[in-house]
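Please keep the sequence and the 3D view at hand.

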Amino acid sequence: MADDTAYPSEILDAGASEKSLDRPTSAWVRFFARMVDYGWIYLLLYVLRRYFLGIPHYFFYYFPVEYALFIPIEALFLWCKQATPGKMLLSIRVQHTQGDFSFSRCLRRACKVYFRGVGMGVFLVHFFCLSFSYSRFVQTGRAVWDAEEHFEVHHKVPQTTNILLGIFLFFFFFFFKRYA
């Protein structure tokens, strides 16, 4: 009779190999990565405005310039690294299904995220766009902009330190923007 006993080393080895496999992302992991990205771009813009350009903080307070300026930056990161800094932190990769990973395609994807995904950062429009994007993602397993531009987004299980760093950065950026 065969021994069906699973030893601890076998369980740990099976779990380790499974963690490294790519799998489709969850909406919340992607959202969290995007918020970390918006946080660092806002911090960069704040430092540029305040210390190098001398523009007061309230000048851009009601205009969602942080989102608009992130479009070419996101496209450049996707084109060069296939991930933004927030996505890299959480082990997310963007891949093109047809192998055409051009800058123009990445720019179109970033524009669609800006208009359809975050609603240009406009207060109430932002929440409606996020809600519709989330419901579409839950139903189909893909975001609208990824399906239209033929992108697939996969991730590996992020390390615990990366998750903790992401949480810290998220709250740091949130409170920095609120109280700066």
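## The second largest pocket

The second largest pocket has a volume of about 370 Å³. On a 1 Å grid over the protein atoms alone, a pocket is an open set of points with protein on both sides within 12 Å along at least five of seven lines, and lining residues have an atom within 4 Å of a point. Grid points are joined across faces, edges and corners, and a volume is the space filled by probe spheres set on the points. The model is predicted: local features need pLDDT of at least 70 and side-chain atom pairs count only at pLDDT 80 or more, while totals for chains, interfaces and linings use all residues. Residues are numbered from 1 along each chain as its sequence is written, and side-chain values use heavy atoms, with hydrogens and water left out.

The lining of this pocket holds 19 residues, and Ala27, Phe31, Leu130, Ser133 and Trp145 lie nearest its centre. At least two lining residues come from each of α2, α5 and α6 (123–140); helices are DSSP runs (H or I, at least four residues), numbered from the N terminus. The largest share, 6 residues, comes from α2. By class, the lining has 12 nonpolar, 3 polar and 4 charged residues. Ala, Val, Leu, Ile, Met, Phe, Trp, Tyr, Cys and Pro count as nonpolar, Asp, Glu, Lys and Arg as charged, and the others, Gly among them, as polar.

## Helices beside the pocket

α5 and α6 pack with their axes 8 Å apart, at an angle of about 110°. This makes α5 roughly perpendicular to α6, a label for angles of 65 to 115 degrees. Axes are lines fitted to C-alpha atoms, for helices over the stretch in contact, and angles run from 0 to 180 degrees between N-to-C directions. Phe115, Arg116 and Gly117 in α5 meet Cys129, Leu130 and Ser133 in α6, where contact means heavy atoms within 4.5 Å. These residues divide into 3 nonpolar, 2 polar and 1 charged.

The axes of α2 and α6 cross at roughly 145° and come within 10 Å. Here Ala27, Trp28, Arg30 and Phe31 in α2 meet Leu130, Tyr134 and Phe137 in α6. This contact has 6 nonpolar, no polar and 1 charged residues.

## The cavity

How many cavities of 30 Å³ or more does a search of the whole structure find? The search finds 1; in a cavity, a 1.4 Å probe fits but cannot get out. The largest cavity holds about 30 Å³ of space. Arg34, Tyr38, Tyr67, Phe70, Ile71, Glu74, Ala110, Val113 and Tyr114 line this cavity. Two or more lining residues come from each of α2 (27–53), α3 (65–81) and α5 (103–117). The largest share, 4 residues, belongs to α3. The lining divides into 7 nonpolar, no polar and 2 charged residues.

Technical notes:
Angles under 35 degrees count as roughly parallel, over 145 as roughly antiparallel, 65 to 115 as roughly perpendicular and the rest as oblique.
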